[in-house]
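Welcome, and thank you for taking a look at this model. Please have the chain open beside you while we walk through a few of its features together.

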Amino acid sequence: MRITIEHRTRYRFTEPQARIVQMLRLTPCDTRDQTVVSWMIGVDCDARMRDATDGFGNAVTMLYAEGPIEAIDITVTGEVLSTDTSGLVHGSIEPLPPMLYLRATPRTALGDGLPDFASESMAGAADPLDRLHRLNAALHARFPCVPDAPDAGLTAAEAFARGKATSRDIAQMFIAAARGLEVPARYVSGYHSDGAAHSAPHAWAEAYIEALGWVGFDPTTGLSPDDSYVRVAVGLDALGAASIAGTRIGPGDEELDVALHVSEE
């Protein structure tokens, strides 16, 4: 499938900023399952941009802009060819061993209610893969209408207790539950062509299954990712795979506006 992405992030500041430094995890990598046909990141102000690779194997672009800066627009346009592999990940850059993804983070703490929910959802499962598919389906049933929305900073436990979640929150719930079973799991940020409007990139999870490798699970749909997904960045949680992260030097507040359109041919 050919997927076209148009992604604009606009920052507006109440007072001019002296300097902005941002790490952009906005560029997908080629794998056996996806091929980047074209990709461009643009900025509407004078800025230095340097491409690199982070410790998780993600393609990153460092952006440095000197002020005074009252606003900055970051735009992404690109096309990717994708293949349906029933969630299996082939040929990804893997600088770290799977066992690293057992590491707990504050965002993926289990809390009180999530362990019991996960245990009940996986009762009677035949093997680890079956357990994870049942967990994926159960999270989707509990949170049937999950949007892609900006990060509110919730942990998996907080979002589960609140009963309302975004794709980012529900992915972290899956990761927390999987790690509770001693299954390595990680957060994935990317794009999903589903015909809906988006105000943030899509999020899902991957778990490591012996003899299969990394397998994707999207609790937003209750299914594994197919060829309507573009995989961009991975991390231990949402913070580690954030599309844009950085710092600014200057007073005042900022306003964020995201426009994202994903289509398929």
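How many bridges join strand 5 to strand 8, and do these strands run parallel or antiparallel?

## A pair of strands

In this predicted model, strand 5 (residues 185-192) and strand 8 run antiparallel and are joined by six bridges.

Strand 8 covers residues 229-235 and is mostly covered, with seven of its seven residues buried. Please keep Arg231 in mind, as this residue comes back with the largest cavity.

Helix 4 takes in residues 167-180.

Glu182 has a positive phi of about 65°, although it is not a glycine. At 59% relative accessibility, Glu182 counts as exposed.

## An aromatic cluster with a charge over it

Now for the rings. A search of the whole structure gives nine aromatic pairs. One of them is formed by Tyr101 and Trp214: the ring centres are 5.2 Å apart and the planes meet at 85°, so this pair is edge-to-face. The two partners come from distant parts of the chain, 113 residues apart, with Tyr101 in the loop between strand 4 (59-82) and helix 1 (113-121) and Trp214 in strand 7 (residues 213-217). Both Tyr101 and Trp214 are buried.

Trp214 also pairs with Tyr208, again edge-to-face, at 5.4 Å centre to centre and 70° between the planes. How exposed are these two partners? Tyr208 has a relative accessible area of 23% and is therefore partly exposed, whereas Trp214, at 6%, is buried. Ring pairs link Phe56, Tyr101, Tyr208 and Trp214 into a cluster.

Which charged residue lies over the face of Tyr101? That is Arg186, at 5.2 Å from the ring centre. The charged end of Arg186 also sits over the ring of Trp214, 3.8 Å from its centre.

## Enclosed space and an open pocket

The structure holds two cavities of 30 Å³ or more, and the largest cavity has about 220 Å³ of space. This cavity is lined by 19 residues, of which Asp33, Thr85, Leu88, Asp226 and Arg231 are closest to its centre. Strand 6 (202-209) and strand 8 each supply at least two lining residues. Strand 8 gives the most, with three.

The largest pocket has a volume of about 580 Å³. Its lining is made up of 30 residues, and those nearest its centre are Tyr11, Ala242, Ile244, Ala245 and Leu256. Two or more lining residues come from each of strand 1 (2-27), strand 5, strand 6, strand 9 (244-249) and strand 10 (254-264). Which element gives the largest share? Strand 1 does, with seven residues.

Asp84 and Gly190 are 106 residues apart in sequence, and their C-alpha atoms are 16 Å apart in space.

Most residues other than glycine have a negative phi, and most peptide bonds are trans. Against that background, Ser86 has a positive phi of about 60°. Ser86 is found in the loop between strand 4 and helix 1 and, with a relative accessible area of 57%, is exposed. For the peptide bond, look at the step from Gly67 to Pro68, which is cis with omega near 5°. Pro68 lies in strand 4.

Technical notes:
Residues are numbered from 1 along each chain as its sequence is written. This is a predicted model: local features need pLDDT of at least 70, side-chain atom pairs count only at pLDDT 80 or more; totals for chains, interfaces and linings use all residues. Side-chain values use heavy atoms; hydrogens and water are left out. Helices (H or I, at least four residues) and strands (E, at least two) are DSSP runs, numbered from the N terminus. The expected span of a helix is 1.5 Å times one less than its number of residues. Rings of Phe, Tyr and Trp (its six-membered ring) pair if their centres lie within 6.5 Å; planes under 30 degrees apart count as stacked, over 60 as edge-to-face and the rest as tilted. Buried means under 20% relative accessible area, exposed over 50%, partly exposed in between (1.4 Å probe, protein chains only). A charge sits over a ring if NZ of Lys or CZ of Arg is within 6 Å of the ring centre and within 35 degrees of the ring normal. Two strands pair if DSSP finds at least two bridges between them. On a 1 Å grid over the protein atoms alone, a cavity is a set of points where a 1.4 Å probe fits but cannot get out, and a pocket is an open set with protein on both sides within 12 Å along at least five of seven lines; lining residues have an atom within 4 Å of a point. Grid points are joined across faces, edges and corners, and a volume is the space filled by probe spheres set on the points.
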